[in-house]
Amino acid sequence: MDMEKVNSMDFGEFMDVFGNVIERCPLIAAAVWSKRPFSDLGDLEKHFFAFIDALPLSGQEGVLRCHPELAGRELQWGRLTAESQREQSAAGLQNLGAAERLRLSELTAQYRARFGFPFVLAVRLSDPAAAPRELARRLRCPPAQELRTALGEVKKICHLRLADLLGEQP
Ligand code: 2AL
């Protein structure tokens, strides 16, 4: 899909295609539509990122809370969004052994208890072994730094989803 096509989309079409590039936050795509025309992928994603950056802390935490747990029940039950399901399955999180799944769920519970939002990682950019390692490392970070790191992962996920939709190399 090229930018001319994107720029010609009416609001409904744009929402159908880009509504979930920020996981379960269609309001962000709804706001970005007003910024068209877009020159390229970088320009389009810049508007998604600017919206997130301009949110108050409660909004940024809300964006993080819209993300499903990694390798959580929603994955096992097939209740994720299509994008998350693809990402988590491709990262091998559906096929973890019982011990690995338990370790991950203990760490994600500790993370949520410490920071108040779920652990977010762009899993397409890592292997299954990296998730618990990264979790253990980030658990020790100061909250303000961790919020920035987590939002950086949201932006990486957004970039990969946009690149897929536009048929571009990430
Ligand atoms: C996810 C997800 O669903 N896809 C991805 O890359 N990361 N979730 C998460 N909590 O990090």
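In this predicted model, the largest pocket has a volume of about 170 Å³. Its lining draws on several parts of the chain: α2 (11–18), α7 and α10 each hand over at least two residues. Val17, Phe18, Gly19, Asn20 and Val21 are among the residues that line the pocket, and so are Glu83, Arg86 and Glu87. Arg124, Arg161, Asp164 and Leu165 also belong to the lining. Sorted by class, the lining of the largest pocket comes out as 6 charged, 4 nonpolar and 2 polar residues.

Rolling a probe the size of a water molecule over the atoms shows where empty space is left. The structure turns out to hold 1 cavity of 30 Å³ or more, and the volume of the largest cavity is about 150 Å³. Its lining is made of 16 residues, and the closest to the centre are Leu70, Glu87, Leu121, Val123 and Ile157. Here the classes split into 9 nonpolar, 4 charged and 3 polar residues. Helices α7 (82–90) and α10 each put at least two residues into this lining. Glu87 turns up in the lining of the largest pocket and also in that of the largest cavity.

Just after α10 comes Gly167, with a positive phi of about 65°.

Glu69 sits in the loop between α5 (57–65) and α6 (73–76). Its side chain makes a polar contact of 2.8 Å with the side chain of Arg112. Leaving aside residues up to four places away in sequence, Glu69 touches Glu74, Gln88, Thr108, Arg112 and Pro118.

What about the aromatic rings? A pair of aromatic rings is described by the distance of the centres and the angle of the planes. Searching the whole structure gives 7 aromatic pairs. One of them joins Tyr111 and Phe115, a tilted pair with 4.7 Å from centre to centre and 55° between the planes. These two residues are 4 residues apart in helix α8 (residues 98–115), so about one helical turn separates them.

Most residues other than glycine have a negative phi, and most peptide bonds are trans. Arg24, though not a glycine, has a positive phi, near 50°; this residue is found in the loop between α2 and α3. The peptide bond from Arg36 to Pro37 is cis, and its omega is near 5°. Pro37 has its place in the loop between α3 (26–33) and α4 (41–54).

Note on methods. Residues are numbered from 1 along each chain as its sequence is written. This is a predicted model: local features need pLDDT of at least 70, side-chain atom pairs count only at pLDDT 80 or more; totals for chains, interfaces and linings use all residues. Side-chain values use heavy atoms; hydrogens and water are left out. A polar contact is a pair of N or O atoms within 3.5 Å; within protein, one must be able to donate a hydrogen and the other to accept it, and residues adjacent in sequence count only if both atoms are side-chain atoms. Contact means heavy atoms within 4.5 Å. On a 1 Å grid over the protein atoms alone, a cavity is a set of points where a 1.4 Å probe fits but cannot get out, and a pocket is an open set with protein on both sides within 12 Å along at least five of seven lines; lining residues have an atom within 4 Å of a point. Grid points are joined across faces, edges and corners, and a volume is the space filled by probe spheres set on the points. Ala, Val, Leu, Ile, Met, Phe, Trp, Tyr, Cys and Pro count as nonpolar, Asp, Glu, Lys and Arg as charged, and the others, Gly among them, as polar. Rings of Phe, Tyr and Trp (its six-membered ring) pair if their centres lie within 6.5 Å; planes under 30 degrees apart count as stacked, over 60 as edge-to-face and the rest as tilted.
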